[in-house]
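Thanks for coming. I will take the aromatic pairs first, then the charges over rings, then the barrel and its helices.

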Amino acid sequence: MSVAVSPNPMDPAQLGPVTLRNRVIKAATSEGRSPLGLVTDDLIDFHRAFALGGVGMTTVAYCCVSPEAASAPGQIVMSVEALPGLQRLTAAVHAAGAAISAQLGHAGVVAPKRLTGVTPVAPSRFLNPASMAYCREITRDEIQTVIDQFGAAAQVAVDAGFDAVELHFGHLYLPSSFLSPLVNRRKDEYGGDIDSRSRFVREIAQRVRDVVGDRIAVIAKLDMDDGLPGSIWIDEALRAAQLLDADATLDALELTQGSSVFKPMYLFRGDVPVKEFATVMPPPMRLPLRLVGKWAMGSYPYEDLYMLPAARQFVPVVHNTKLVLLGGITNRDHVEQGMHEGFDFVAMGRALLREPGLVNAMIADPGVRSRCTHNNKCMVTVFGRTHCVLDPEQRYGAVSPLEISKVAVSVHN
């Protein structure tokens, strides 16, 4: 009887048409380095640091498919105007030895009207409990427009030199909210059972694949469950994954949890930075946030590999699409376990914010442990420049890759 051998996670691996130098992906984390919605030198330094630090691929967080798709100020809109800066960004990451992906998203219920100037849309009329703002039901014509916008954004990614796009089908942004029976109460072909509620994400994936062909990889970030009663749960998420897998439009699924609507700590786990969030809120909101913030944000203990129990359910049911494990991955043992469990790649977020050179360190010393404490104070930095609050270099100035370069030289030469 043959025994399956887990791949070495630090060896090159194929992701669609792209060969990554290893199986570690820098997960998308809000960046706050594009105040005018365009690429800056600061954003380039940010991603170049992860490339120099050894990741196989770094992910540019939340690139809007249209101006009304934004969830926060300063996000890049995938447009002709952004193209020169995006080309500089991809060239810098490639020169540092890594691949680069653009996360494409439409915020839907999370898009604030004060930012976009328009009423946010949802599958059905919906009250966002975080903003207490109503979202109107998106029309069928607008659904087709959004699908077209994802396709156009993917073309910009190709033109800019990205190696992959990541379609954001998680966290109750617009595509994810179609999967949710709590938000999607439509009576047409986009509502009803999970097969019908999956139609929107499948059509987005198909359009993007039609646009990019085999020139770049296509990944989707899919919610396994969002932590909200009556919303997305793993049974229906498994079915959505099966449908996407059967379509063969995706090269990989990155499995996630949680929502940006309510109880966001279900995604992050660990310490709840209520005090820190209160300090950046307008004065009238500070006391209420201190009083009810922990309840509104949710409180869930941190555990290593905390998404693995849910994510391993997808391994036996997905056949054409590679799987990316996310959540509580901080050292090489965790990466190795992901490979042993049947995942093809792992994605790391907070641990790499703390140490952009962590992958090189794991290659040099498999026993190295991350310095990330999961205090989650980095969540609050999205109101400025996302960074680890324990890293003075990132906190007070542009990322300096000097020390990372030293590690890169010592590992790869």
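**Aromatic pairs and the barrel**

There are 7 aromatic pairs in this predicted model, where rings of Phe, Tyr and Trp (its six-membered ring) pair if their centres lie within 6.5 Å, and planes under 30 degrees apart count as stacked, over 60 as edge-to-face and the rest as tilted. Take Phe46 and Phe50: their ring centres are 4.9 Å apart and their planes stand at 85 degrees, so this pair is edge-to-face. Both residues belong to helix 1 (residues 41-52), 4 residues apart, which is about one turn of the helix. Helices (H or I, at least four residues) and strands (E, at least two) are DSSP runs, numbered from the N terminus. Phe46 and Phe50 are both buried, meaning under 20% relative accessible area, with exposed over 50% and partly exposed in between (1.4 Å probe, protein chains only).

Next, Tyr266 and Tyr300: with centres 5.1 Å apart and planes at 70 degrees, the pair is edge-to-face. Tyr266 is in helix 9 (residues 265-268) and Tyr300 is in the loop between helix 11 (283-297) and helix 12 (308-311), so the pair ties together parts 34 residues apart in sequence. Tyr266 has 15% relative accessibility and therefore counts as buried. One aromatic cluster is formed by Phe178, Tyr190 and Phe200.

As for the numbering and the thresholds, residues are counted from 1 along each chain as its sequence is written, and local features need pLDDT of at least 70, side-chain atom pairs count only at pLDDT 80 or more, while totals for chains, interfaces and linings use all residues. Side-chain values use heavy atoms, leaving out hydrogens and water.

Now the charges. A charge sits over a ring if NZ of Lys or CZ of Arg is within 6 Å of the ring centre and within 35 degrees of the ring normal. Arg23 has its charged end over the ring of Phe345, 5.8 Å from the centre. For Arg125 over the ring of Tyr134, the distance is 4.3 Å.

Finally, the sheet. In the order 3-4-5-9-10-11-12-13, 8 strands make a closed barrel with parallel pairing; strands pair if DSSP finds at least two bridges between them. Strand 3 (residues 24-26) and strand 4 (residues 57-64) run parallel and are joined by 2 bridges. Lys26 has Thr58 in strand 4 as its bridge partner.
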